[in-house]
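Dear colleague,

Please find below the structure that I am handing over to you.

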Amino acid sequence: MLIVNLRTFFTPQAIAQRLQALPPIKSPTMDLIYPGRSQHPLAVLGVDEISEVALTVPVVRRGSPSTPVVTDAREISYIEPLPLRPSTTLTAVDLNNFKLLDNSGRDVWVSAKMDILRRIVHRSTEALCAQSLTGTITYPVKLQGGGYDSYQVVFGTPQSYVPATAWDNAQAKITDIFKTFTEMQVLLQEAGYGGQVEIWAGKTAFYGLMALAEKVTSTARIRVEISAEGVFVGNYLVKLRAETYKNPETGLFVQIVPDDKIVMVAQDANHRLFYCAVDDLDANLVPMPFFVKPIEQKDPSGIKLVAESKPLPVPVPKAICWAQVTNVQA
C-alpha cells in the first residue's frame, strides 16, 4: 500500500533531517524571549519543574479535562501541555501524482507538505509564547463534538509601571521616556534580573516615541537615534512590535503588544520553552518540537497528514514589566 511508502518519509529521523533543510521561520517572541528550548521526556510537566523557571506555582483552570493531571487530593501536580494537532488531506489524485514522481521529486513534494504543517504549528507556538508575556496563557481547545473549550495556565502577574507623563502628552520630553525605561529596569533588577533587556512598543507608543525623538537636537546629552532597528534612547533600544497572532476560535487577530503599551523583558531570566513527548507510537513517544504521520482514511479515500507538537512556554513573570505609555490607541 502507498501509505507504507509514505511512512518511510515520516520517520522521526527523516522528519528531523527535513526540518534542518527547510528555511528557519522567524518569530519575535520565540526567537528573542524563548531561545532556551528543552525537550521533556514525558507527556506532562511537573509543577515543581515549572516553578523552578517561573519561581511561582502555576494555576491551571480545567477548561478541558485532559489539561491538568491531578493527585487524589485534587491538587495539581502535573500539567499536560495543549497538543497542537493540525492536519491536511491528500486526495487520491494527489497520491496518483505522487506515484509519477522520481525520488528527488518525492522529497520535494513531502518537504512542501511538511512545511505547510510546520508553519501552522510554529505560528500557534508563537501565539502561546506571546500570550505568556502577560503571565497567563489562554488558548481555545477544539472539542471532538464541535465547539471550543478553554485551556488556561496562570504563571503569575508581571510587573507594571505607570509613567508620570504619557508619551503623547504635549508636555512630554525625551527625558520622561528615558526615566520610564530606567524605572522599569530598576523593577526588574530588584527582582534579580534586568542586566540585559528587550523593549517592545505597540504602534501608538512607538509613533509617539519617534515624534519626540525627531524633535531632539544634536546637542542633547541623552543619545537619541532613529535607526532600522528601532529607536535608541540612551543605551535603550526600543523596537516596534506590530505583529499579531490569530485566535483560532474567534478568527480575530491579537496584537503581541497593544498599541498604547510597551513591555520590557529581562533576557537574562530563565524563560524556557518546553516540548513534551508527543502521544504517538510512531514518534516512539519521544519529545519532538514537530512530528508528522500519514493516516489512511476510507471516506473520502485518501491519506491525512497529521502533525503534532506539545509546547509549553514558561515565563518568569517578575522578569517582565508592562507600562501603558499613551492615552490613546492607534
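The chain exposes about 16400 Å², of which carbon and sulfur atoms supply 52%; accessible areas come from the Shrake-Rupley method with a 1.4 Å probe, and for residues only the protein chains shown count as cover. This is a predicted model, in which local features need pLDDT of at least 70 and side-chain atom pairs count only at pLDDT 80 or more, while totals for chains, interfaces and linings use all residues. Residues are numbered from 1 along each chain as its sequence is written, and side-chain values use heavy atoms, leaving out hydrogens and water.

Of the 330 residues of the chain, 48% count as buried (under 20% relative accessible area, with exposed over 50% and partly exposed in between, 1.4 Å probe, protein chains only). The chain has 8 helices and 21 strands (DSSP runs numbered from the N terminus: H or I of at least four residues for helices, E of at least two for strands).

E198 is found in strand 10, residues 197-201, and is buried, with a relative accessible area of 7%. The side chain of E198 makes a polar contact with the side chain of K239 at 2.6 Å (a pair of N or O atoms within 3.5 Å; within protein, one must be able to donate a hydrogen and the other to accept it, and residues adjacent in sequence count only if both atoms are side-chain atoms). Beyond its neighbours within four places in sequence, E198 is in contact with L32, I33, K239, V263, M264, V265 and Q267 (heavy atoms within 4.5 Å).

Yours sincerely
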